[in-house]
Amino acid sequence: MRLILAFMLTLCAGLAAAQEGVMPPFYRGVEKGATLLAADAAFIQRALESHEGDAAAAAQTWVGMAWGEINIGDGESAVRRFNQAYLLDPANPGLAYGMMIATHLRGDEFAVVDGLYAEALAAMPEVDRHFAHIDYAQILVMRSEVERAVALIEPYKDDPRAAVILQHINESNPGAAE
C-alpha cells in the first residue's frame with residue numbers, strides 16, 4: 001500500500017514540477033508560486049501520513065527512488081526525487097552527494113556539480129568521504145579533467161573502485177595515473 005501511495009505522490013509531484021520546467025538542485029533560485037507551494041504542502045502531508053509522521057523515513061523513500069533513477073541513467077528524474085526528499089528532510093546529509101551525481105547525469109554545468117561535491121563533503125562524516133572523492137573523480141574523468149581525478153583518488157588507490165578508475169585512466173591516457 002505504501003509503495004502504491006509513494007508512486008502516486010511521486011507522479012503528482014513530478015507533474016507539478018514538470019509544469020515549471022527543469023528544477024535546480026534543492027529548488028535554489030526558484031520562487032514558487034501558490035500552485036507549487038500548495039502541491040509541496042500536499043505532497044509533504046501525504047508522504048508523512050504514509051510514513052506515520054516520520055519525515056526522515058519518508059525522505060529515505062524518495063532517496064531510494066532517486067538512486068533507482070540514477071541506476072537507469074535518468075538524471076532529471078533523480079534530481080526531482082532528491083528535491084522531493086529535500087522537502088521532507090532538508091538536513092539529510094546524503095542529499096548533496098546524490099544530487100552531485102544526478103546533476104552530472106542530467107548534464108548540469110560543472111560549477112553546479114562541483115558545488116554539490118563541496119556540500120557533500122561538508123555534510124558527510126570523515127569516514128564516508130572517500131566514497132564522494134572516488135565518485136567525483138569518476139565525474140572528473142568523464143569531463144576530461146584527468147589530472148584532477150588522479151590527484152583526488154591517489155590516496156585511495158588501494159580501494160578497488162579507485163583502482164578501476166586509475167586503470168581506465170592509464171588505458172586511455174598512458175602514464176597519466178602513474
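Leaving aside residues up to four places away in sequence, H133 touches Y117, L121, L152, I153 and Y156, where contact means heavy atoms within 4.5 Å. The model is a predicted one, in which local features need pLDDT of at least 70, side-chain atom pairs count only at pLDDT 80 or more, and totals for chains, interfaces and linings use all residues. Residues are numbered from 1 along each chain as its sequence is written, and side-chain values use heavy atoms, with hydrogens and water left out.

H133 has a relative accessible area of 13% and is therefore buried; the term buried means under 20% relative accessible area, exposed over 50%, and partly exposed in between, with a 1.4 Å probe and protein chains only. H133 lies in helix α7. Helices here are DSSP runs (H or I, at least four residues), numbered from the N terminus.

Of the 14 residues of α7, 10 are buried, and the helix is mostly covered. Among these buried residues are H130, A132, H133, D135 and Y136. The cover over them includes α5, α6 (110-123), α8 (146-153) and α9 (160-172). Just after α7, S144 takes a positive phi of about 65 degrees.

How do two of these helices pack? Two packed helices are described by the angle between their axes and the distance between the axes. Helix α5 and helix α7 (residues 129-142) pack at an angle of about 10 degrees, with axes 11 Å apart; axes are lines fitted to C-alpha atoms, for helices over the stretch in contact, and angles run from 0 to 180 degrees between N-to-C directions. This angle makes α5 roughly parallel to α7, a description given to angles under 35 degrees. On the α5 side the contact is made by Y97, M100, I101 and H104, and on the α7 side by F131, A132, D135, Y136, I139 and M142. These residues divide into 8 nonpolar, 1 polar and 1 charged; Ala, Val, Leu, Ile, Met, Phe, Trp, Tyr, Cys and Pro count as nonpolar, Asp, Glu, Lys and Arg as charged, and the others, Gly among them, as polar.

Helix α5 (residues 95-106) also packs with helix α3 (residues 55-71), their axes coming within 10 Å and crossing at roughly 30 degrees. That angle makes α3 roughly parallel to α5. V63, W67 and I70 of α3 meet L95, Y97, G98, I101, A102 and L105 of α5. The residues of this contact comprise 8 nonpolar, 1 polar and no charged.

Conventions. Helix = DSSP H or I, 4+ residues; strand = E, 2+ residues; numbered from the N terminus. Parallel < 35°, antiparallel > 145°, perpendicular 65-115°, else oblique.
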